[in-house]
Each structure stands twice: as structure tokens, then as C-alpha cells.
Amino acid sequence: MIVVAGEALIDLVPQGAGALAGLLPRLGGGPYNTAVALGRLGSPTAFCSRVSRDAFGEALLAGLTGAGVDVSSVQRGDEPTTLAAATIGPDGSAAYSFYVEGTADRLFSTPAALPDAARAVSFGTCSLVLEPGASAYEELMRKSAAQGVFTALDPNIRAGLIPDPDTYRARFLSWLPSVSLLKLSEEDAAWLGGTPREWLAAGPAAVVVTRGGDGLTAFTRDGSVHSVPGEAVEVVDTIGAGDTVNAALLHGLAARDALSSAATAELGPEGWTDLLRFAARAAAITCSRAGAEPPYASEIGAV
């Protein structure tokens with residue numbers, strides 16, 4: 001089982017141009033999208049979070065169970081659901097304004113243990129920024145890594161939520177010894193500073209950098225670099241594309257029995273090329289439709 005830990009929220013997606021365009025609520029949140037994508041790809045998946053008991057929270061849980069995701073590790077609260085108002089650029093890229101004060105997901109508390117079947121756990125996005133939940137997720141990350149669980153991190157930077165960038169950058173570096181796979185975008189990498197080689201030296205077995213329509217590149221501890229181009233597609237928006245890459249990478253590693261740092265480091269050129277191409281195909285499908293709608297296994301082909 002792959003466990004995804006982090007926020008579930010509602011994306012408010014504009015249905016036209018301009019600041020006052022109508023907004024359509026869509027299920028979202030980086031970790032939530034990753035869990036749904038994993039479920040749709042056919043990986044046994046569990047979601048670990050705190051979700052509101054309001055109508056949005058019920059819809060979020062229904063979306064998870066509809067994708068086959070185990071929600072037995074989800075905590076519930078009477079606080080409202082986080083909202084993220086999206087703005088879509090001419091190239092389909094999304095920017096967000098967040099409404100997070102007093103919401104359920106930021107009150108997450110560290111569980112006593114992950115499900116017994118957990119082979120990997122994935123973290124990222126707002127959940128690692130907003131306290132007090134951020135410290136609880138961080139504790140779970142360190143504890144899971146210490147127990148030998150494969151740990152994935154996608155920082156998925158939302159700069160508007162980070163009041164002290166230097167403190168967050170230092171905190172990010174402190175996580176790396178507990179991380180098996182680091183995935184981030186070019187924009188995230190530029191904001192964080194540093195290089196894949198520096199991050200690899202701190203702990204991860206591999207660093208995967210997404211380059212939008214230009215594709216993906218994996219850097220590994222042995223000094224190898226593996227790149228694939230993006231898949232040509234008519235972009236509707238990019239919401240959930242990076243989360244789909246997360247899911248595709250984890251799903252592909254699981255299919256290769258490579259959910260360990262040692263196995264990831266030994267994947268080799270052919271293995272990495274096939275895995276990155278699979279992730280690029282999955283992300284392209286997500287970009288071809290509005291909101292975070294990752295593909296099903298039947299739409300994408302073999303990993």
C-alpha cells in the first residue's frame with residue numbers, strides 16, 4: 001500500500017476570463033490529487049489527513065472512495081474545508097489564493113502508526129507549511145523514514161502561504177535525510193535554491209524535476225541524468241499535473257518492486273526512461289481536461 005499524507009481541499013476553478021469569472025468547485029489539494037491518481041492507476045492506496053464534516057468534506061471523501069482509496073486513516077473535524085481560488089494563465093498554468101484560517105486539514109495530528117501494509121508514504125504542498133499540522137506531518141515523515149518506509153516528497157511551493165521563506169528553506173533541507181524520492185518543478189527548484197546534486201547528497205536516492213511541456217529529468221546518486229520530453233497535448237489547464245507525476249512515479253516504482261532507496265538508485269537508464277515516459281503520458285492526460293482529473297489505468301497503457 002502507498003499512503004498519501006496531506007491536505008484535501010476545494011479548488012475554485014474559473015469558468016471564463018477575468019477576475020470575476022464564475023468559479024466551479026472541484027475536488028483538490030496536491031496530496032488528495034496524488035491519492036486519487038494512484039487509486040485510478042490501480043495502486044493500493046490510503047489517504048492520511050484531517051477532513052471536514054461539512055458538505056465539501058463529504059464530497060472529498062466520496063471522491064477518494066470512488067477511486068478505491070482507503071480512508072480509514074482520515075481524521076474528521078467540524079472546522080470548514082480549505083478553499084483554493086485558482087487563476088488560469090493564457091498557457092493553462094494555475095496560480096492560487098488560499099483560504100485556510102481555522103480549516104480542518106491544518107489541525108491534523110500525527111497518527112500512532114501507518115497502516116500495516118504501507119510500503120511508501122508521500123508528503124507535500126500546503127500540509128507542510130500550515131501549523132500546527134505541518135509539524136505533525138513532519139513528525140510522521142521522520143518516523144516513517146526511521147522505520148524504513150520509502151518516503152516521497154513534493155514541496156509544491158505555494159509562496160503566498162510561506163511567511164518566512166528562509167526558515168522554510170532551512171526546514172526543507174532538514175527533511176532531505178528522511179526522503180527517498182524528491183520530486184519538484186523547475187519553479188520549485190528555483191524558489192528553494194540549491195541543485196539536484198546538493199539535494200541528493202543530503203539523502204534522497206533520486207530527484208525528479210518536472211519542466212512543464214518540456215518533460216522530466218531524473219538525477220540519481222550515481223551521477224546519472226535521465227530525461228524525457230513532454231507529451232504533446234492541447235492544454236486546458238495544468239491543475240493536478242504535478243500530482244499526477246507523483247502518483248505515476250510511485251505507481252511505476254511499485255510495479256518494478258523498487259520502493260526502496262537501494263532499488264530506486266539501481267533502476268538504470270532503461271528503467272528510468274520508461275518510468276519518466278509513463279509519468280509524462282499521465283500528466284499530459286491530466287492537462288487535457290479541466291481541473292485535477294488524473295487518468296485511469298485504461299487510458300494510459302502499461303507502466
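1. Let's start with a pair of strands. Strand 2 (residues 9-14) and strand 3 run antiparallel and are joined by six bridges. (Helices, H or I with at least four residues, and strands, E with at least two, are DSSP runs numbered from the N terminus; two strands pair if DSSP finds at least two bridges between them.) Within this pair, aspartate 11 stands opposite arginine 26 of strand 3. As background, strands of a sheet pair through backbone hydrogen bonds, either parallel or antiparallel.

2. A word on what you are looking at. This is a predicted model, in which local features need pLDDT of at least 70 and side-chain atom pairs count only at pLDDT 80 or more, while totals for chains, interfaces and linings use all residues. Residues are numbered from 1 along each chain as its sequence is written, and side-chain values use heavy atoms, with hydrogens and water left out.

3. Four strands make up an open sheet in the order 3-2-7-8, with mixed pairing. Strand 3 (23-28) and strand 8 (94-99) are the edge strands, each pairing on one side only. On average, neighbouring strands here are turned by 30 degrees against each other, direction ignored. Helix 2 (residues 55-66) packs on the sheet, where it touches strand 2, strand 3 and strand 7 (83-88). The direction of helix 2 makes about 50 degrees with that of strand 3. (Contact means heavy atoms within 4.5 Å; axes are lines fitted to C-alpha atoms, for helices over the stretch in contact, and angles run from 0 to 180 degrees between N-to-C directions.)

4. Which residues of helix 1 meet helix 2? They are Tyr32, Ala35 and Val36, and their partners in helix 2 are Ala59, Leu60, Gly63 and Leu64. (Ala, Val, Leu, Ile, Met, Phe, Trp, Tyr, Cys and Pro count as nonpolar, Asp, Glu, Lys and Arg as charged, and the others, Gly among them, as polar.) The two axes come within 9 Å and cross at roughly 30 degrees, so helix 1 is roughly parallel to helix 2. (Angles under 35 degrees count as roughly parallel, over 145 as roughly antiparallel, 65 to 115 as roughly perpendicular and the rest as oblique.)

5. Helix 1 has another partner to look at. The axes of helix 1 (residues 30-41) and helix 7 (residues 241-255) come within 8 Å, crossing at roughly 45 degrees, and therefore helix 1 is oblique to helix 7. The crossing is right-handed. (A crossing is right-handed if the near helix is turned clockwise from the far one by less than a right angle, and left-handed if anticlockwise.) Helix 1 contributes Gly30, Asn33, Thr34, Ala37, Leu38 and Leu41 to the contact; the residues from helix 7 include Asp243, Ala247 and His251. By kind, the contact holds six nonpolar residues, six polar and one charged.

6. Strand 10 pairs with strand 9 in the parallel sense over five bridges; phenylalanine 150 is the bridge partner of alanine 120.

7. Threonine 125 lies between strand 9 (120-124) and helix 3 (133-146). Is threonine 125 buried or exposed? It counts as buried because its relative accessibility is 5%. Beyond its neighbours within four places in sequence, threonine 125 is in contact with residues including Glu7, Gly30, Asp154 and Arg158. Proline 132 is found in this loop too, and a cis peptide bond joins glutamate 131 to proline 132, with omega about 5 degrees.

8. Two phi values deserve a check. Most residues other than glycine have a negative phi, and most peptide bonds are trans. Threonine 125 has a positive phi, near 65 degrees, and aspartate 257 has a positive phi near 55 degrees. Aspartate 257 sits in the loop between helix 7 and helix 8 (261-265) and counts as exposed because its relative accessibility is 58%.

9. Finally, find phenylalanine 172 in helix 4 (residues 165-175). With 1% relative accessibility, phenylalanine 172 counts as buried. Leaving aside neighbours within four places in sequence, phenylalanine 172 is in contact with Leu153, Pro155, Leu182, Leu192 and Trp199.

Definitions and conventions. Buried < 20%, exposed > 50% of the residue type's maximum accessible area, 1.4 Å probe, protein only.
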